[in-house]
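Have a viewer open and try each task before reading its solution.

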Number of protein chains: 2
Amino acid sequence: MTAIHEIPCDQCLRARLMGIDTHEEAIVFMREDCAICRAEGFTANTRLQVKSTDRSLIATLHTVSAGVLPSGVIGFSDSAWEFLNLSPGDEVEVRHAPLVHSLSALRRKIDGYELSEHEINGIIGDISRRLYSDIEIAAFLTTCATGGVTRRETRALTDAMVKSGNRLQWPEYPRVFDKHCIGGLPGNRTTPIVISIASAAGLLIPKTSSHAITSPAGTADTMSVLTRVDLSLRALKRVVNETGACLAAGGRVGLSPTDDILIRIERALNLDSEGQLVASVLSKKVAAGSTHVLIDMPVGPTAKLRDQNQAQRLARLFSAVAEDLQLVLRCVITDGTQPVGYGIGPVEEARDVLTVLRNQAGAPADLADRAVLLASHLLAMASGESDAHCQEQARHLLTSGAANRQFERICAAQGGLREPTGARYQAVLQAGRSGVLAAVDNVRLAQLAKLAGAPSSPAAGLRLHVKVGEEVSQGQALATLFATTPGELAYAEEYYSRNHKLFYVGEPPE
Amino acid sequence: MTAIHEIPCDQCLRARLMGIDTHEEAIVFMREDCAICRAEGFTANTRLQVKSTDRSLIATLHTVSAGVLPSGVIGFSDSAWEFLNLSPGDEVEVRHAPLVHSLSALRRKIDGYELSEHEINGIIGDISRRLYSDIEIAAFLTTCATGGVTRRETRALTDAMVKSGNRLQWPEYPRVFDKHCIGGLPGNRTTPIVISIASAAGLLIPKTSSHAITSPAGTADTMSVLTRVDLSLRALKRVVNETGACLAAGGRVGLSPTDDILIRIERALNLDSEGQLVASVLSKKVAAGSTHVLIDMPVGPTAKLRDQNQAQRLARLFSAVAEDLQLVLRCVITDGTQPVGYGIGPVEEARDVLTVLRNQAGAPADLADRAVLLASHLLAMASGESDAHCQEQARHLLTSGAANRQFERICAAQGGLREPTGARYQAVLQAGRSGVLAAVDNVRLAQLAKLAGAPSSPAAGLRLHVKVGEEVSQGQALATLFATTPGELAYAEEYYSRNHKLFYVGEPPE
């Protein structure tokens, strides 16, 4: 028996891939003179619902002149094509996008009302179904950042984001650990070391990390220099069952995928609000099946958390929402006055991680100390032993080489350990005067590394040669800048030359 | 002597019009494998600065595959092409968009700080120079709507928006009048009648109106049914000098053009916040050279202003900012419980305007009364006479035909008066039960007219047959729906069938 295919349809068009990459924003292209556009009143920027055989999405219309497409054909941006799983010539149906009901909840939030769990589920559900345009997502994130998000709203956001994706379960393990850093401190790449120490001690710690949001590198960016990180759900489970841990990227595993949609707009707006932050972090942890979570909170005048008050407030929100979600959570406030380690950017941070794990000469002591401190808190959460005891235990696991062996096992299970390779273009940043390095501006330093191309060019970034408190003489190298293209190197150098307070050299001590 | 053209340039590409309409958002298209993309690290959604011989703009990059463009060629969306005033094959230079400094002020606003005049000038200036992406504009509008805008900020916003465009001056006239309606009430098309009465009384009232923001018609939409409204600055001055008034669209005159950029995003987000509203209205008035401004504020449960408190608060902000700007301003709170007149949508409202001005049988009395009331306030502001006296004067100017003759003079000066022509497709909306029409939902009614195609199809919209308080019997026509395409008619009918509270018919009186 032959299936009856392709029933003729008034609203149907043949699909064509335009070869236009618009990132995540779904765009479709239709002729402005096409019968459907005229009958339906579609014009440029109309929001359309497009249905393929088995999927549907909302896209923004860009109309094209007659020369661009044959009649009866609709063009797709790369991401829209992929989302609808289309092949050339497939029939699709288009109509006006239905009213997105949760937009009235967004409106209520803008008007200052607290949203109900139902309303937040509606918003996150509609975002995950690609019903929101980029400016609507921007409005949602901005109103949350401006008006604040209550504890109840944060909990509801977390739940809704967990529901929008996959969940890992570890039925054989009563306790599942995880750690997260609030960020804002370039080079603070403790995670690979902490996970190696903690899992060497026997903790189950299946770590998934995101790529950088607004920083020059995230743990996923650094780890992808050293091994394969885009594991499938199945591969991730295998790695964890083999080693007790993993150091994977969150993306392909599909934990809280709506968070990734939000993060794309947050990144473009350089926005990272408290409620969103807590929901983003905890949704990933709940989806990963965690029961015990450690939060690293660096505080410093140019870190993300500027002072103790801000850190305490965030810690309270984390603890409250974690309690609602029945997570055991501990926040550790750490020094955020300057970068940790010497490297900034995926490759340079990966180098630091390896020297610490390998106990090599020249390894950054501050990175090793920070990793030991954080790992010891995880050990204390697991055993209930004293902090001093756990610090000693963590230090021993690092210096004995146990952590490094564990790191090598994890990388081997993920596809093998690679040594990092450097950048083609470099420039030395010199001190403009003699004195003492009094302060470093973390924000401008991150900007500098990003202008050099990090994280999208992994080898781009910086290597610091001087730490705060050390003496420097005029002309001495403060740092080396790395880039993979001359354009980016020049761009970063120009930024350095205009930002004298990036490294602040004060009077030498009398 | 021959000019030396086309110096070879590393960063130069040849311009090509892609034939893709993206509305205002500037998009450029470059091959992902092009040398410049690789050297500079450009990827999809990178923000680029593009320079032609004499202009420059910031655009969003969409990368294309090799088949779409030849190498060495850069494609432009329609609006980017027009803004840069390009011809095919022109050389343009591309580089990373410079850091937009005012984004740090936007960030401060999101963090809850009041912005200085300098910071607001920076934001509005950068938006007017097309340095903001759509999501950045959305973030600015949303944070203003959520966090509120202070009196000082509103004044600074107004000033900055005035500075971004042209200013009209009327040196021979000591007093220049204007009126504005807050909106939210479908069909409330008093402006053409008010302007005709006021200018018939000798007031100078050069009225520029915007197209609809979130409603099915603005005055500019309605007037463009009846005459030419897109006047140049020069034509507008000529019309005003000839007639004492005009009824033009604001767009081409270039008064507060940044407001138009903001309005495009406000419309997409269905957002209309207090501070933005005051700045938007008053910037147009100041730029138009007004000294005396009347604000119509309809209040009703489904109007934009829901209650007296909200109206009083808005009136206070209007008065305070007007005082700072040395404008004489009067706010009139009017009944906003149901539409004014019978027509909704550009053509149907134009019909109402004409029947009132012509004193024809069947003219909507509520529209005539409202126009007389508003005109009388303008007359009172001018003469200082009592409200009762001015009402009588305004009524006489309307019923005597003086206002109509004045309207005809204005239209003649703008290019001639046209009679409106109706829509091809119609459907009658019937009462589901007998009783008394107890209430009408203005918001849903506006939505219905917009789904039918208003205002982009001028003939689309509604004609009401029953007013609140009147008795209806089951099956009686409550309204007629108009559309220019069958798809839009069906769409609007479906919406009507799902929204029973659009017309609320209650029990008949005993």
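A residue is buried if its relative accessible area is under 20%, exposed if over 50%, and partly exposed in between (1.4 Å probe, protein chains only). Helices (H or I, at least four residues) and strands (E, at least two) are DSSP runs, numbered from the N terminus. This is a predicted model, in which local features need pLDDT of at least 70. Residues are numbered from 1 along each chain, and chains are lettered from A.

**Exercise 1.** Find the order of the strands in the open sheet of chain B.

*Solution.* Strands pair if DSSP finds at least two bridges between them.
- Step 1: five bridges join β8(B) to β11(B), in parallel; one partner pair is B:Phe177 and B:His292.
- Step 2: eight bridges join β11(B), residues 292–299, to β12(B), also parallel. Here B:Asp296 has B:Val332 as its bridge partner, and B:Ile295 stands opposite B:Cys331.
- Step 3: the order is therefore β8-β11-β12, with β8 (177–181) and β12 (328–335) of chain B at the edges because each has a single partner strand.

**Exercise 2.** Decide whether the faces of β11(B) are covered or open.

*Solution.* 
- Step 1: on one side, B:His292, B:Leu294, B:Asp296 and B:Pro298 are buried.
- Step 2: on the other, B:Val293, B:Ile295, B:Met297 and B:Val299 are buried too.
- Step 3: both faces are covered, and eight of the eight residues of β11(B) are buried.

Terms used. Predicted model: local features only at pLDDT ≥ 70, side-chain atom pairs only at ≥ 80, totals over all residues. Heavy atoms only, no water.
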